Amino acid sequence: MLLTRARALVLFASAPLVASCGTRPGGVKVGSKNFTEELILGELYAQSLEHAGIGVTRRFDLGTTDIAMAALNRGEIDLYPEYTGTALLNVLHLPPESDPGRAYRTVRDAYAQRFSLTWLDQSPMNDSQALATTQAVAGQYSLGSLSDLAPKASSLRLGTVPEFLSRSDGLPGLRKRYGGFAFKQVKIVDNGLKYQALAHGDVDVVVAFSTEGQLKAENLVVLEDNKHLFPAYHVAPVVRDTVLYANPAIARTLNKLAPLITNDVMQNMNLQVDGPQKREPADVAKDFLQQNGLG
């Protein structure tokens with residue numbers, strides 16, 4: 001089972017840099033972290049650059065954010081996909097920010113000043129936290145938003161990973177922003193098993209990430225964060241300045257791709273890899289780019 005961003009978000013580790021086989025060695029070194037969505041995004045970036053005539057070496061499946069950032073700063077990779085929320089919380093150690101524009105400007109400016117790194121255009125997809133439930137539970141309790149859930153949580157069971165119980169953008173934040181959220185029961189559920197627990201009726205609500213393919217596969221209801229608690233996690237390529245200056249076509253190419261990557265698109269691609277089809281990230285990325293005239 002491949003990692004999701006939920007499992008990889010706050011891990012701290014050190015490990016040797018692991019490079020996968022690349023194409024056209026000596027080109028732009030494209031990296032990725034070690035979970036499904038990052039592997040797909042890495043392929044989208046790499047194949048887009050190749051289609052534009054730019055040589056690429058792939059160095060995927062690097063591990064955590066710490067490892068990817070260290071590789072970027074050492075020049076072992078030249079770019080990789082990063083999330084604005086991860087950059088704010090885990091790299092810059094700044095407070096979470098729900099406004100996408102403000103989050104992007106903050107990380108863009110800080111990375112330029114501190115690391116000589118450029119954030120290219122962010123994509124519409126926002127892999128933020130969410131609470132999700134089944135159509136049946138949503139219908140029974142008239143749930144469409146977190147404000148709807150707040151006073152009714154006392155009748156429902158939450159399935160979550162442990163970190164959500166203590167994070168400022170987790171359960172404590174929900175209680176502070178919305179009131180209520182005193183769940184009837186809180187069950188610790190492995191992130192890889194949460195949708196199974198929901199389907200089997202072991203829990204009524206789960207902590208999700210908004211681009212997970214299972215949300216679409218199971219036809220689940222994602223409750224609207226109508227008071228904007230959860231931070232923005234828009235994705236964008238982060239590129240070493242020296243590499244970008246030497247080849248400005250990188251920015252033109254990846255900025256052309258950026259607006260095509262929406263939540264719905266990312267859910268579909270994640271599902272193709274993690275769902276019953278078990279497709280390879282490279283094949284999923286290739287099909288998407290060809291369908292959009294970029295591959």
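This is a predicted model: local features need pLDDT of at least 70, side-chain atom pairs count only at pLDDT 80 or more; totals for chains, interfaces and linings use all residues.
Me: Starting with helix 2, how many residues has it, and what does it reach from first C-alpha to last?
Reply: Helix 2 covers residues 36-51, so 16 residues by the DSSP runs. From its first C-alpha to its last it reaches 22 Å, close to the 22 Å expected at 1.5 Å a residue.

Me: And how many of its residues are buried?
Reply: 14 of the 16, which leaves helix 2 mostly covered.

Me: OK, switching to rings. How many aromatic pairs are there?
Reply: The count comes to five aromatic pairs. One of them is Phe35 with Tyr83, which is stacked, at 6.4 Å centre to centre and 20° between the planes.

Me: Which parts does that pair tie together?
Reply: Phe35 sits in the loop between strand 1 (28-31) and helix 2, while Tyr83 is in strand 3 (residues 79-83), so the pair links parts 48 residues apart in sequence.

Me: Are Phe35 and Tyr83 buried or exposed?
Reply: Phe35 and Tyr83 are both buried.

Me: What about Tyr111 and Phe115?
Reply: They form an edge-to-face pair, 5.2 Å centre to centre with 80° between the planes. Both belong to helix 5 (residues 100-115), and being four residues apart there, they are separated by about one helical turn.

Me: Which residues do ring pairs link into a cluster?
Reply: Tyr111, Phe115 and Trp119.

Terms used: Residues are numbered from 1 along each chain as its sequence is written. Side-chain values use heavy atoms; hydrogens and water are left out. Helices (H or I, at least four residues) and strands (E, at least two) are DSSP runs, numbered from the N terminus. The expected span of a helix is 1.5 Å times one less than its number of residues. Buried means under 20% relative accessible area, exposed over 50%, partly exposed in between (1.4 Å probe, protein chains only). Rings of Phe, Tyr and Trp (its six-membered ring) pair if their centres lie within 6.5 Å; planes under 30 degrees apart count as stacked, over 60 as edge-to-face and the rest as tilted.
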